[in-house]
Structure formats: structure tokens, C-alpha cells
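User: Can you take me through the contact between the two parts of this chain? Keep it short.
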Amino acid sequence: MLQFTSTPPSLSQASTLAIPVCEDADIHADPEILELIARAKAIEEFSGEKDQQIIFYDRVKDALRRRLLIGVGPRKTITAETLRRFAGRAIQQAMRAKSTTIAIAAPTAESLDIQAPIMCNALFEGACLANHAFTRYKDKPKQNLLKGIAVLVPNETAKKYKALPARIETICQGTLLARDWVNTPANDKLPEHLAKAFESAARQSGLHVKILDQAQLKRQKFNALLAVAAGSAHAPRLVEMVYAPPKPERTIVLVGKGVTFDTGGLNIKPSAGLQTMKGDMAGAAAVAGAMTALARIKPKQRVIGITPIVENMPSGSATRPGDIITSYAGKTVEIGNTDAEGRLILADALAYAIKTHKPDIIIDLATLTGACVVALGEKMAGVFSADDDLAAAIVAAGETTFERCWRMPLLEDYKELLKSDLADISNMPNTRYGGAITAALFLSEFTIGARWAHIDIAGPAASKKGNGYCAPGGTGFGVRLLCELLTRL
Ligand code: BES
Ligand code: MN
Ligand code: ZN
């Protein structure tokens, strides 16, 4: 679906040609495109200011040709993210116009301070991610998706980076899967169903999959995970997806929090807090989405995705505040608050992963704390790791994909906030301050000795407003990040 093209605009079959227009510089070289830009800029209301837009219609041999010009602002402000959003908007416009194919004119590499592959990557990514709608519950889906997306570049560029479009499409498909899973209502993703959905996507991409059901989880003493699941009428699962190349240099484990709905349990959330809690499995969705992509882009490391999946409900069988359980790792945990459930299922999944797979690196993604959203806002994830190199690699990967990550501290002395009078540790800190840190410190007690990082995605996992290349709802945050990260580890 994604491809390069070097066909001149006048000969192109694409029903829409999209052109990014810079406000204060020439960023194109093709004479036909320069002429269209000159025509547009001659019109008073169009100057190339960010998000301005103009469409020219021509008939070529009875076929309608749209030339869509979108402003991207002053040259100095144009980043890869500007191009992602431009491409996304172009796709949205083309869909509205019922276009079936689009060609996107790439700026010349020399005109911007962005390297050619990064620029093409951004255009493909923005376009591919925008060309999607979650219409499972609509009788008549309004959107008609584009069948072909081409980025117009000189022949040499197309040749040099010919592997790029397929790779990006694969990663974007993983991202879109994650978005759909997050958007699916909780009644249609009970743990059993979500596990099956992960399994089927993972199998299709060639991964080995193992699902632990409730009986197996009981036998293997995943008691912290089971304590969270105890109030639900729907049994938990743990999904393990394995990508194993012939001679792997390293083993990397990815763990994702999969709470299909977080009511808070007996410490039930207030109405406003419940509203978005079908998305509390976004970490698991990101891991499963990334695994399906990794299986196809074939990194050199062995990668294992592990997703504990539960529903956190209050009921007569629910775990009570004050209950004490013995976790998979053997540490006893006092359940100070049943709404701090993510760290419980992750504690068991992390301990299991480390014991079973002896990873060189283990990374978890989780919508873990409201406190992280308070700290960093809704568009940035918090990264916690004692390992400077690993934290830096995650932050750098996030800068590349615009899934922004900020390193947060793991303050050892805050561990005393998790002391329990009766058990080895409490899941509830005795202050609400520093909640993202104490949550990460809780997890650190179950990853001792491992090279581990925790990414709190409670903010960016979903978005009320969306942006040029993401509809409101699940964002798929983490999928592109993990795929990028794997090239750096
Ligand atoms: N799933 C929530 C965290 C969350 C909040 C995600 C808002 C997305 C948006 C998590 O399980 C939770 O409830 N955390 C509590 C922890 C507290 C009880 C220690 C929180 O953040 O308030
Ligand atoms: Mn909770
Ligand atoms: Zn939760």
C-alpha cells in the first residue's frame, strides 16, 4: 500500500497530489510543483502558514485530479513531526474527497534540516497511520480508506531507500492494531477474548504463542495477578509471544499491563475516573502490536512479549484492602488499595519473565499511575530505570518517533513509603505525593538484578482530541517506540 513514486505529477494516476508548502522558503525542486505553489501563493488567503489549505481541481482525460496544498509554516520550524501531521491531514482530506490514491510530494532533502530517510519515514508514517478508522460498531462506515499511498521522490532516493515503505507499513499496522484494541469496549475484550485476539494477530505474523489460563496461573502461583482478577466474573490470562531468530545476540522481554477494565476494585473509582478505564490495557496492546511488527521486521535479538490480562472488578469474591498475598516472586504484599492493581499483575509477570527467560533487558509499559499524568501531562510518558544507557536509548527512540519520553528518578529512599507493618511490602504508598515514582519503586522490588526499564504511559496511551495522524481514542503509543528501540539495543 505504501510505495515510492518518481512519476511526474502531470503523468501520475493518483487522484490527489498533496504538497507541503513552506511559508518562507522553496522546499521543492520539481517545476510542476513549484508552479502549483506559485499559483496558490498568488491567492490572497494562502501563504503557506501552518495548516492553511487550498485545493486546485483539474480534469485530465475525464479523470478528476486534485492538487491539495497544505501550509507547513516557516522553514526553521519544520520537523519530522510537522511532516507526519501534514501527511496525516492530507490523507484525511483525500478520504473526505473520496479519493482512492494519493501521491505526496516530498520536500527536497537539502531544503530542510532533516535527513532524507527520516523525512520519507515521517511522510509514510503520518499517511499510513491516518488511513484508518475504528468502525467495528458502525453500521455504515463513513470513511473510505485510501488504497494506495505514494511518496513522490527522485528516482535515486526511491532506489536507495527501497526497503523503507514495507518496514513502515508493518510498524504502522502494529500501531493500528494497538489502537483498535484500546478502542474496543471492555465488554468485547474480556481477558479471554483479548488473549485470543493477541494470539491470533501474533500467530498470523509468525510468532510462537503460549497462553496461561486461570488454572495454570494458580498452579504456578501468580497470586498477585490472581488477587486482582478475584473480583471479576471473567478469568485472567497471561499471553506469551516469542520471536526467536536463529542465533540471537540477546534476549529482550517486553511486558505490558493488560487490565481490560479498571474499576478500582473495592476501592472503586469515582465516575470521572472510570470513564477511560477500558484503556487500561494499552501497555499490553502496545507490546502485542509491537511483537506482530517485530516478527516481520526481524531484529537480531530474541524478543518475548508478555501480557498479563485481568479485569479489576468489585464483588463478593474481590480482594479486600488489607488482604495479604504471596506473590509469584515469594514476597508477601499487603493490598493497601485495590486500585493499585497494575503493579500487582506486573510484579508477577516481571518476576516470571526474569526467572523463565533470563533476559538481558526487560522493559514494561503500563498505564500505571494518574500521578505520572499529573507530572508530565497527557502527551509524554515517564521512563524509570537505574540503567542510564537503557533510559537514554528509550528517550532517544521516543524523540525519533515523537512518542515523547522523559526520564524520571527512582529515589531509593522513597521505598520506605511502601513499608507494610505486616507484609514485605504494601502496594499502596502512604502518601499520594510522588505516586509515579513509588509505583516504579514497587516494580523494582520484583526486577532485582535485571537490566530493567519501566515506561508509564498513563498519559499518552489515549487522546481525547487526536491529531493529524491519530483519531481520538487509543494512540498506539509505544509500538513505534519499541520497534525503534530494538534497532538501538
Ligand atoms: N489505571 C490506573 C492509572 C491511570 C489513571 C491510568 C489515569 C490512566 C489514567 C491505575 O491502576 C491506578 O488506579 N492507579 C492509582 C494508584 C494509587 C491507588 C496508588 C492512581 O494513579 O491513582
Ligand atoms: Mn487502578
Ligand atoms: Zn489500572
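**Domain contact**

Analyst: Start with a salt bridge: the side chains of glutamate 125 and arginine 480 meet at 2.8 Å, N to O. The term means a side-chain nitrogen of Lys or Arg within 4 Å of a carboxyl oxygen of Asp or Glu. This is a predicted model: local features need pLDDT of at least 70, side-chain atom pairs count only at pLDDT 80 or more, and totals for chains, interfaces and linings use all residues. Residues are numbered from 1 along each chain as its sequence is written, chains are lettered from A and ligands numbered from 1 in the order in which they are written, and side-chain values use heavy atoms, with hydrogens and water left out.

User: What are the domain bounds?

Analyst: Domain 1 is 2-155 and domain 2 is 169-486, from an automatic or database domain assignment. Their centres, over C-alpha atoms, are 37 Å apart.

User: How many residues does each give to the contact?

Analyst: Domain 1 gives 16 and domain 2 gives 17. Contact means heavy atoms within 4.5 Å.

User: And how much area is buried between domain 1 and domain 2?

Analyst: About 1600 Å², with 61% from carbon and sulfur atoms. That is accessible area (1.4 Å probe) lost when two parts are put together, summed over both.
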